[in-house]
Amino acid sequence: MSVNGGADPLLTVKNLVKYYPVRGGLLYRTIAEVRAVDDVSFDVRPGETFGLVGESGCGKTTVGRTILRLTPATKGSVSFEGRDLFAMGGSDLKRLRRDMQIIFQDPYSSLDPRMPVGEIVGEGLLVHGVKNRKERDQRVQEVMARVGLRGQYARRYPHEFSGGQRQRIGIARALIMRPKFIVCDEPVSALDVSIQSQILNLLRDLQAEFGLTYLFIAHNLAVVKYISNRIGVMYLGRIVELAETSELFARPLHPYTQALLSAIPEPDPDRRMMFDTNATTGATGGRRRIVLTGDVPSPINPPSGCHFHTRCPVARAICRHTAPPFSEAASRHHVACHAVAGPHQAEYSASPALTGSLTR
Amino acid sequence: MTATASDPPADEVMLRVSGLRTHFFTADGVVRAVDGVDFAIRRGETLGLVGESGCGKSVTSLSVMRLITPPGRVVEGEIGLEGTNLLALSEEEMYSIRGNRVSMIFQEPMTSLNPVFTVGDQISEAILTHEKVSAEQAKKRAIEMLGLVGIPQPQQRYNAYPHELSGGMRQRVMIAMALSCSPRVLIADEPTTALDVTIQAQILELLKDLKERTRMALLLITHDLGVVAEMCDHVAVMYAGQIVEQADIHNLFKNPKHPYTQGLLASIPTLATQTDTRLNVIQGTVPNLLRLPPGCRFAARCPYAWDTCLETNPRLIDLGDGRRVRCHVHDPDVPKPAPAVAT
């Protein structure tokens with residue numbers, strides 16, 4: 001897997017915004033908006049895996065779907081190989097869709113139960129004008145073999161397969177169009193652990209073999225760390241931190257990223273994390289866990305200023321009214337936090353602390 | 001199976017499950033979901049029951065609660081709660097124990113709470129079912145419980161309906177309800193699986209704290225080995241209806257004996273996994289419980305399997321210090337193959 005750091009990005013997302021209207025009342029008017037994605041920018045370089053992590057409702061899936069134009073964006077732009085996706089229509093868009101595919105989280109609901117898997121996998125070819133049945137079957141057989149499914153399975157129906165096999169079908173369906181770019185939306189989170197590793201290895205092999213670029217969306221940080229070259233961390237519709245994988249895990253700068261990293265239970269009892277309640281012994285080896293209080297606020301009415309300030313351990317008065325701009329805190333390490341970087345750092349230092357909302 | 005020498009003294013054991021078999025009699029045949037499971041949990045101890053979907057861990061917990069419904073049935077075994085065999089009790093007697101001396105919390109707090117009653121009423125109901133207290137006292141206790149599990153403004157939240165609360169708050173309500181009658185044993189079936197990682201951290205911390213305070217025994221069912229490492233004292237690994245390995249937490253993670261446990265631990269990407277290595281993979285998938293192989297249930301996926309493994313199901317070998325493993329490799333009475341066959 002080679003990452004071409006200097007090359008032009010394959011995909012550029014600029015100031016992407018997606019609001020969903022909330023309707024209600026007698027006349028079914030828009031009474032509020034869900035700010036699912038609220039000004040997100042990043043780019044994805046050819047051949048790399050860009051990971052997007054965050055908790056449920058942070059907008060990561062909406063980013064993936066908006067990029068593929070599966071749902072229209074409210075504002076912003078996305079360009080693929082330098083061409084503006086949102087300005088494109090008709091046949092141009094159709095052609096481009098071959099290059100951009102998606103693998104869904106739930107292999108149970110993303111396959112039509114009434115279609116044999118051979119047809120599911122080959123449907124894209126038909127849509128894109130491969131009318132010759134023989135040729136289609138041939139390519140279905142090839143791609144099924146490549147993802148580790150026996151060719152004779154093509155006549156079976158989705159319910160006859162296990163979760164891991166169904167995810168392989170989903171991958172085959174994406175792969176058959178010979179795409180350049182695949183959005184992987186939580187591709188392993190519905191799978192058992194022993195099957196997860198099979199699918200992760202497969203995704204890596206395919207990337208190396210076909211030079212694929214992935215946007216890998218997941219909530220499991222260990223999985224994202226394993227597969228991604230760079231990672232963007234999302235919170236309530238915004239990217240709060242973006243860096244190369246090793247840098248992000250070695251030096252998380254945003255307080256949310258720090259809490260998220262410390263919250264993962266590691267499968268190693270010697271590194272069992274200490275809580276405030278039993279940290280008196282000062283036992284060795286444990287990481288100190290930062291437990292955020294409270295829940296993620298609703299994206300219908302997100303907090304003013306920095307979206308994270310209601311749960312942030314280091315929030316100050318300025319965070320309540322001024323949203324921190326996305327700034328480069330270290331080389332190629334961007335973060336949106338007044339405490340760490342940006343034009344308001346001095347103002348932050350002079351600002352009074354908000355009452356502590358955290359146990360350490 | 002009877003108690004072995006390494007088992008704890010009986011007076012300390014809160015829950016002892018022996019020779020449990022729970023089968024489902026379906027139109028397609030008999031599904032042996034739980035097929036001979038033994039374990040014991042002492043006061044103040046946490047036992048983790050781990051395994052992948054379909055391994056029988058949830059059926060085990062439902063069997064302990066006597067919540068198995070047809071076509072399922074506990075066909076054999078004993079479930080001792082402080083010496084009382086729950087399987088010998090009448091339904092009425094069980095009713096007075098369930099939610100009282102043994103309680104359970106489930107994975108999905110939205111579906112296990114009743115949407116048309118306030119959360120406070122549901123907790124009060126649990127208290128009134130088991131204790132001779134007035135409705136007012138029950139309400140007071142329910143509010144106390146809501147406060148204990150970290151719900152802000154418990155007085156107001158008493159009147160909230162489940163849909164008004166977030167997932168994490170609902171799980172706190174479930175915990176409050178489960179603990180409202182001070183159970184001796186709490187069964188938590190994937191209590192954090194549906195929750196986000198920062199909320200999971202809150203709930204795990206809460207469970208740890210409550211366990212310290214009440215000294216209850218905790219049976220924690222999960223597929224997440226990270227949660228196990230965080231929470232448990234002992235672990236039982238299940239595969240296809242049987243426990244394949246049992247050990248204390250440090251031995252299990254440091255020196256797993258069963259090939260399945262070894263494979264499982266090696267296959268999870270962790271924060272420490274090198275990003276440029278391939279993940280270890282357990283080949284194949286779990287066997288169909290309707291058509292279990294005659295030999296070891298893991299044999300088809302096992303890198304060490306030889307003829308014997310395909311023919312006879314291994315017994316659970318006691319390795320001392322509370323370690324047990326179901327594998328012919330560790331059975332001194334089973335002749336080993338010539339080295340060439342093993343590879």
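The axes used here are lines fitted to C-alpha atoms, for helices over the stretch in contact, and the angles between N-to-C directions run from 0 to 180 degrees. In this predicted model, helix H3 of chain A, residues 117–127, packs against helix H4 of chain A, residues 133–146, at an angle of about 120°, and the two axes are 9 Å apart. Because of that angle, H3(A) counts as oblique to H4(A). The crossing in which H3(A) passes H4(A) is right-handed. The contact is formed on the H3(A) side by Gly118(A), Val121(A), Gly122(A), Leu125(A) and Leu126(A), which meet Arg136(A), Arg139(A), Val140(A), Val143(A) and Met144(A) in H4(A).

Strand E11(B), residues 316–320, runs antiparallel to strand E12(B), residues 323–326, and four bridges join them. Within this pairing, Asp318(B) has Arg324(B) of E12(B) as its bridge partner. Two residues lie between the strands of the hairpin, where Asp321(B) takes a positive phi near 35°.

For chain B as a whole, the C-alpha trace spans about 75 × 50 × 45 Å along its principal axes. Its radius of gyration is 21 Å, which agrees with a compact globule, because a globule of 343 residues would have a value near 20 Å. Of the 343 residues of chain B, 47% count as buried, and among its contacts between residues at least 6 apart in sequence, 64% join residues at least 24 apart.

Technical notes. Residues are numbered from 1 along each chain as its sequence is written. Chains are lettered from A and ligands numbered from 1 in the order in which they are written. This is a predicted model: local features need pLDDT of at least 70, side-chain atom pairs count only at pLDDT 80 or more; totals for chains, interfaces and linings use all residues. The radius of gyration is taken over C-alpha atoms; the globule rule is 2.2 Å times the number of residues to the power 0.38. A residue is buried if 20 or more other C-beta atoms lie within 10 Å of its own, exposed if 12 or fewer, and partly exposed in between; C-beta atoms are placed from the backbone. Two residues are in contact if their C-beta atoms, placed from the backbone, lie within 7 Å. Two strands pair if DSSP finds at least two bridges between them. Angles under 35 degrees count as roughly parallel, over 145 as roughly antiparallel, 65 to 115 as roughly perpendicular and the rest as oblique. A crossing is left-handed if the near helix is turned anticlockwise from the far one by less than a right angle, and right-handed if clockwise.
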